[in-house]
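Hi,

Here is the structure I promised to pass on.

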Amino acid sequence: MHDGDQGAEPVSRRKDARRNKANLLDAAAAVFVVQGVDAPVREIAARAGVGVGTIYRHFPTRADLIVAVYRHQVDACAEAGPRLLAEGPGPHTALERWIDLFVDFLVTKHGLAAVLQPDAGFDTLHAYFLDRLVPVCGQLLDAAADAGEIRADIEPYALMRGVGNLCIGADSDARYDARRLAALLVAGLRHGA
């Protein structure tokens, strides 16, 4: 073994551990979408292809797991904004696609507030949500306004709040299509709409 190779194995293991944890969080999020945040841990473990002990090793309590899934999904939504802008075909399309992701994120949070409300951590999570996502929404709005695709007077927080309000009730009525309503809202941002 060469002296320069000694640091590669721990770095590789850390990278694998991060990827495994991300896969576990993706699996938990998928199970939460279908069964809610009270889904059995064994269902999450089966979906992730790990043992129940692995989940408890990473997340000693259900609240720890829920918070980690929430943060993971906030991060994924935040990271999607710049990527969507770079992929094209234009800023308004990037905004539409990002709002779709945002709607999916919001409607999959069934039970989160009820589980975390008594915990002071809920306020911290909400602040994290705003700190990560409002600037991304602002970047998308600015790009679309600079391209002349939408009006320039739209505040990111107001748009996100409006989309959030359109998502209320999506979990209690199968006929309610929050994504379609959010798309109509975003279409209405265009000049002359």
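A quick one to start: is C77 buried or exposed? C77 has a relative accessible area of 4%, so it is buried, the cut-off being under 20%. Keep in mind that this is a predicted model.

While we're on cysteines, I searched the whole structure and got zero disulfides. For C77, the nearest cysteine sulfur belongs to C137 and sits 9.4 Å away, whereas a disulfide needs the two sulfurs within 2.5 Å. C167 is another cysteine that counts as buried, at 10% relative accessibility.

The chain has 193 residues, and 33% of them count as buried. Its accessible surface is about 10900 Å², with carbon and sulfur atoms contributing 52% of that. As for contacts, if you take those between residues at least 6 apart in sequence, 65% of them link residues at least 24 apart.

One more spot to look at is the backbone around P89. The peptide bond running from G88 to P89 is cis, with omega near 10°. Most peptide bonds are trans. You'll find P89 in the loop that connects helix 4 (62-87) with helix 5 (91-107).

Cheers

Terms used: Residues are numbered from 1 along each chain as its sequence is written. This is a predicted model: local features need pLDDT of at least 70, side-chain atom pairs count only at pLDDT 80 or more; totals for chains, interfaces and linings use all residues. Side-chain values use heavy atoms; hydrogens and water are left out. Helices (H or I, at least four residues) and strands (E, at least two) are DSSP runs, numbered from the N terminus. Buried means under 20% relative accessible area, exposed over 50%, partly exposed in between (1.4 Å probe, protein chains only). Contact means heavy atoms within 4.5 Å. Accessible areas come from the Shrake-Rupley method with a 1.4 Å probe; for residues, only the protein chains shown count as cover.
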